[in-house]
Amino acid sequence: MNDERLQISWRPTIRKADGPLYLAIADAIAADIADGRLVDGIRLPPQRVLAEALGIDFTTVSRAYNEARHRGLVEGRVGQGTYVKARRATNARPATSGIVDMSMNLPPLFDDQALAAKLWDDMASLQAEHGLDLLMRYQAPAGTAHNRAAGAAWLRPRLGEVPVERVLICPGAQGALLATLTSLAKPGDTICAEAIAYPGLRALAAHLGLTLLGIAIDEKGLIPEAFDELCSTRTLKALYCNPTLHNPTTATLPLERREAIVAIARRHGVPIIEDDAYGALPVAPPPALAALAPDFVYYIGGLAKCLSPALRVAYLAVPDSRSSVRIEGAIRATAGLASPLTAAIATRWIEDGTAEAVLAAIRRETADRQQIVENVLPKGTAVTDPSAFHVWLRLPQPWTRGEFSGRLQAAGIAVVPSDAFSLCPPPEAVRLGLGAPATQEELRRSLLIIADLLGQSPAASSLVV
């Protein structure tokens, strides 16, 4: 089939409900390239021909082709027309060591080639929007007003309306946590957290010379009475908590506990750092602590778990203008600023709906993987949540976490024993990351190995000779 026939027969499938027509046509070009319907070097229909075929204005098609060119999808050749450009492979996998690394808690890879292509295309289109300034100029430590407004929009479903001046752009959730801790506490001070807590907090507390105390938890999460007792006996500079899909137990604090914890913290004058890394994953989570007490809670809304770990962008909502100035200084002192390039990408994705599309794709893939967990792992061992892409695996006696992790390592599967999270004597449990296996089939094979091992005794499965 020659180029002339292809250029006449190609016609994008678009709907007026999809938004501006020129963007819908550019998206259709990206989707058809990803699906192989448009191949490298093929000439697209002349703009007037396509406009007549679709019954739209010539200028709309012209804008669509320009948008596609800005995304790096096509190139114009003087006197010849518009041609599809060579595309990178979309399904390439990096070489691995052979270990299925379920120790990493990553969002699962979704199977939507058109959406994946759009993510890459949007990066290329930043040139047209921002020019060289984005690459060759510094920005304010807390981000531009435009990026901060996008952050406020992203947080709105969980926090409601937040003034833009109270939203800061940080270099990832860890960077936001570092800036917040350094603004609230100094070496020798004491902070507290759930008795089983995010390892990154433990690392930061040790680095900053802070004493970190654990608060008792149960299957619903942090126990308010235990927090109140600690506040009554110790001077605390902050409470850190991960109240929604807690890492690693997947517990989500119910509303009544959230309200009780906010009341206790306010009564004792203990500011709250709410790490809501997974808060965007549930469709209808309880109100964030920062929505209940916006004047008292430092809210960290990272993008790593709900959009892309590669962005290293987090939005930090602070209680007031004074804390905003203080934490902006901490960002300047510790990291300088978040990457303007990745902040610009995040802003584009939030504003054009791509971020919501990726979040929906992650939710769908997570649901599929949770079904595999339900079908494969023995009942009563896996503590998880339908919206979570990690599992807290409670080990039956006589297994110990060290022995179980070691046997899995020998079988080619890496998991995280509870020692990494515990601020108290660790339970016999490990965390499994459902998102790290590249495919659902790889996850299924890994879980079958784990299930088989759970059904054996440590002595029977020993490989020591």
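Colleague: Which glycine follows helix 2, and what is its phi?

Modeller: Glycine 36 follows helix 2, with a positive phi near 90°. Helices here are DSSP runs of H or I with at least four residues, and strands are runs of E with at least two, numbered from the N terminus. This is a predicted model, where local features need pLDDT of at least 70, side-chain atom pairs count only at pLDDT 80 or more, and totals for chains, interfaces and linings use all residues. Residues are numbered from 1 along each chain as its sequence is written, and side-chain values use heavy atoms, leaving out hydrogens and water.

Colleague: How many residues of helix 2 are buried?

Modeller: Buried means under 20% relative accessible area, with a 1.4 Å probe and protein chains only. Eleven of the 14 residues in helix 2 are buried, among them Tyr22, Ile25 and Asp32. Their cover includes helix 3 (47-54), helix 4 (58-70) and helix 5 (113-130), plus strand 1 (74-77) and strand 2 (81-84).

Colleague: Which element gives the most to the lining of the second largest pocket?

Modeller: A pocket is an open set of points on a 1 Å grid over the protein atoms alone, where a 1.4 Å probe fits, with protein on both sides within 12 Å along at least five of seven lines; lining residues have an atom within 4 Å of a point. Helix 2 gives the most, with seven residues. Of the 34 lining residues, Leu23, Asp27, Arg71, Lys118 and Thr354 lie nearest the centre. Helix 5, helix 7 (145-159), helix 14 (340-351) and helix 15 (354-376) are also among the elements giving two or more.

Note on methods
Buried means under 20% relative accessible area, exposed over 50%, partly exposed in between (1.4 Å probe, protein chains only). Contact means heavy atoms within 4.5 Å.
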